[in-house]
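Thanks for coming. I have one structure to go through today, and I will keep to what can be computed from it.

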Amino acid sequence: MERKNGWQLAERAGDATPEGVQRRLYNYLWDADLVRDDLRDYVVEHLSDAVGILVVDETGFIKKGDKSAGVQRQYSGTVGQIENCQVGVFLAHAGARGRALLDRELHLTQLLADDRELRRKACVPEDTVFRTEPQLAQQMVDRVLESGVPFTGFTGDEVYGSDRNLRLWLERKDIPHVMAVKSNENLWALTDKGPLQVRADRQASGGAEFASLATTTL
């Protein structure tokens, strides 16, 4: 597999043989965060525009063994069921000039984060703490804000839209956002009886009580 990947990357780079690529990939020490920052700078220079948005989503990586960091039996949206896998949360920038990944975070289950022996076997750093997927998304968006990447909004599915703390944080940061929510999520709505918290599916279905409907993410 490593030799195949080396050949593919070498071909894309125009190299006659894969030795140079393989040496860079497998013999050198990489600082993953510095590589992330280089990628972010490239995206800003070549792909970002005034109307670009940030997109967050998670995905699962199916594993057969138990040595990879964060690997455990957990739900994977990739296959739609519980599998032995890693789960990563990814942040992308999308705009008229293209789209590219900006950041990533490995998601650890509460069990793995709390079990020192499991952490040791999986080579999880000691200072890593449990964070939910929405908390990881917030962490990555915060890094984007600090780096000055231009964007006009944020979007994600119901995993993130149904997290009230994330919605409140986006509000405080004045970040426009459009996210899916679970059907039973209670959201504030301005009804003919005044402001009330009403399930999202009831709001979506409309009705006389929502004659003056105006929803908010709070």
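I will start with the overall fold, then take the salt bridges, the aromatic pair, the pocket and a few loop residues.

First, the ground rules. This is a predicted model, in which local features need pLDDT of at least 70 and side-chain atom pairs count only at pLDDT 80 or more, while totals for chains, interfaces and linings use all residues. Residues are numbered from 1 along each chain as its sequence is written, and side-chain values use heavy atoms, with hydrogens and water left out.

Now the overall picture. The protein chain has nine helices and eight strands; these are DSSP runs, H or I of at least four residues for helices and E of at least two for strands, numbered from the N terminus. Along the principal axes, the C-alpha atoms fill a box of roughly 70 × 45 × 30 Å. Of the 218 residues, 35% are buried. Here buried means under 20% relative accessible area, exposed means over 50%, and partly exposed is in between, with a 1.4 Å probe and protein chains only. A contact means heavy atoms within 4.5 Å. Among contacts between residues at least 6 apart in sequence, 51% join residues at least 24 apart.

Next, charges. How many salt bridges does a search of the whole structure find? It finds ten, where a salt bridge is a side-chain nitrogen of Lys or Arg within 4 Å of a carboxyl oxygen of Asp or Glu.

One of them joins Asp-37 and Arg-40, with the closest N and O atoms 3.2 Å apart. The two residues sit three apart in helix H3 (residues 32-46), so about one helical turn separates them. Both Asp-37 and Arg-40 are buried.

Another joins Arg-104 and Asp-103, at 3.5 Å between the closest N and O atoms. Arg-104 counts as partly exposed because its relative accessibility is 28%, whereas Asp-103, at 5%, counts as buried.

Arg-167 and Glu-185 are both buried.

On to the rings. Rings of Phe, Tyr and Trp (its six-membered ring) pair if their centres lie within 6.5 Å; planes under 30 degrees apart are stacked, over 60 edge-to-face, and the rest tilted. That rule gives one aromatic pair. The ring centres of Phe-61 and Phe-90 are 6.0 Å apart and their planes are at 70 degrees, so the pair is edge-to-face. Phe-61 is in strand E1 (residues 53-62) and Phe-90 in strand E3 (residues 81-95), so the pair ties together parts 29 residues apart in sequence. Phe-61 counts as partly exposed at 36% relative accessibility, and Phe-90 counts as partly exposed at 22%.

Now the pocket. Which residues line the largest pocket? They are Ala-32, Asp-33, Arg-36, Gly-88, Phe-90, Arg-104, Glu-105, Leu-106, Gln-139 and Arg-143. The elements giving two or more residues to this lining are H3, E3, strand E4 (98-107) and helix H6 (133-147). A pocket, on a 1 Å grid over the protein atoms alone, is an open set of points where a 1.4 Å probe fits, with protein on both sides within 12 Å along at least five of seven lines; lining residues have an atom within 4 Å of a point. By class, the lining has three nonpolar, two polar and five charged residues. Ala, Val, Leu, Ile, Met, Phe, Trp, Tyr, Cys and Pro count as nonpolar, Asp, Glu, Lys and Arg as charged, and the others, Gly among them, as polar.

Last, the loops. Most residues other than glycine have a negative phi. Asp-174 is not a glycine, yet its phi is positive, about 55 degrees. Asp-174 lies in the loop between H8 and E6, and is exposed, with a relative accessible area of 67%.

Gly-77 is in the loop between strand E2 (72-76) and E3. Gly-77 is exposed too, with a relative accessible area of 56%.

That is the end of my list.
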